[in-house]
Amino acid sequence: ELLPPRSVEAELAFWRAVEELRGLEPAFVSVTYGAGGSTRELTLALVRRLAREHRLEAMPHLTCVGSTRDELRGLLAEIAAQGAGNVLALRGDPPRDVVDWRPPAGGLGSAAELAALAGETGELCVVGACYPESAELDYLRAKVDAGVSVLVTQLFFDNADYFRFVERLHAAGIDVPVLPGIIPIASAAQAERLATLCGASVPSRLRRELEQRAHDPAAAAQLGIAYATAQCAELLDAGVPGLHFYTFNRSPATLSIVGALRAQGRWASAVAPD
């Protein structure tokens, strides 16, 4: 996953990371979409460039907050026309200054509704998001029924949460690939902040080890890479369909993790969602 850069310096770093990550031959690269659609044009421009200049399967995130059904149809047609084969359908976050958000007249109120609309194109594989530690199975079933054929999880730090989540899905008759979302944490503060944002929990043992390295950022980052590598190795050994890395537009951690997995013979090329 990549984020649209917001400055000249950030853009230069973005494309450096893309070139380095491209060597991993990812099945696809996703590009996020700002709150309220604030990065809409930039997200789509990045997807076009990733596909045309870097030969990557680029998947835009798309949210329905702040857009009408007709506007979303136009965006989906544009996404399909520029060659993207996949779209990540999300409800999305409202603008930060809006307290009591409601869908606009003629708009959509959920990711399931957006997935159904995306499916109308007949040209896009529709991907959905899920939260392993706070799964609402009825809502996920609605997404799958609406056309979502692959799920990507938010970050988590305990593989048992992922395994329990997939078991619950299968028990409920929801049988789609679930890609685990992985992030190498660089500090205890970052872990707690992201966990709060994403509804995840930080295992006490991981928190303790990070706190012991609070005054040594390099050591904390090394621990984050080692922990994520062990997490990925266990997931791959269990037969997960792939791994989705949250990169924050940086390449070193992901390169180190994949390099270690390759050295162990655990890494194999994945398959794109479509």
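## Briefing: strands, cores and rings

Three bridges tie strand β5 (residues 148-155) to β6, and the two run parallel. This is a predicted model, so keep that in mind as you click through it. Here's the rundown, starting with the sheet and moving on to the cores and the aromatic rings.

**The sheet**

- Seven strands make up an open sheet, ordered β1-β2-β3-β4-β5-β6-β7, with parallel pairing.
- At the edges sit β1 (29-31) and β7 (244-245), each of which pairs on one side only.
- On the way from β5 to β6 you pass through helix α6 (residues 159-171), and the three together make a right-handed β-α-β unit.

**How β6 is covered**

- β6 is mostly covered, with five of its five residues buried.
- In a regular strand, side chains alternate between the two faces of the sheet.
- Both faces of β6 are covered: Val178, Pro180 and Ile182 are buried on one side, and Leu179 and Gly181 are buried on the other.

- Ile185 sits in the loop between β6 and α7 (188-198).
- Is Ile185 buried or exposed? Its relative accessible area is 4%, under the 20% cut-off, so Ile185 counts as buried.
- Setting aside neighbours within four places in sequence, Ile185 is in contact with Phe157, Gln190, Ala191, Leu194, Leu210, Ala220, Ala221 and Gly224.
- Leu137 is 48 residues from Ile185 in sequence, and their C-alpha atoms are 28 Å apart in space.

**The nonpolar cores**

- In soluble globular proteins, nonpolar side chains tend to be buried together.
- The largest nonpolar core here has 57 residues, and those with the most contacts inside it are Leu50, Leu62 and Leu140.

**Aromatic rings**

- The structure holds four aromatic pairs.
- One of them is Phe14 with Trp15: the ring centres are 4.8 Å apart and the planes are at 85 degrees, so this pair is edge-to-face.
- Phe14 and Trp15 are both buried.
- Phe156 and Tyr162 also pair up, but this pair is stacked, at 5.7 Å centre to centre and 15 degrees between the planes.
- Phe156 counts as buried because its relative accessibility is 1%, and Tyr162 is buried as well, at 4%.
- Back at Trp15, Arg49 lies over the face of the ring, 4.0 Å from the ring centre.

How values were computed
Residues numbered from 1 in each chain as written. Predicted model: local features only at pLDDT ≥ 70, side-chain atom pairs only at ≥ 80, totals over all residues. Heavy atoms only, no water. Core = buried A, V, L, I, M, F, W, Y, C linked by side-chain atoms within 4.5 Å. Buried < 20%, exposed > 50% of the residue type's maximum accessible area, 1.4 Å probe, protein only. Pairing = 2+ DSSP bridges. Helix = DSSP H or I, 4+ residues; strand = E, 2+ residues; numbered from the N terminus. Contact = heavy atoms within 4.5 Å. Right-handed = clockwise from strand over helix to strand, strands pointing away. Phe/Tyr/Trp six-rings, centres within 6.5 Å; stacked < 30°, edge-to-face > 60°. Lys NZ or Arg CZ within 6 Å of the ring centre and 35° of its normal.
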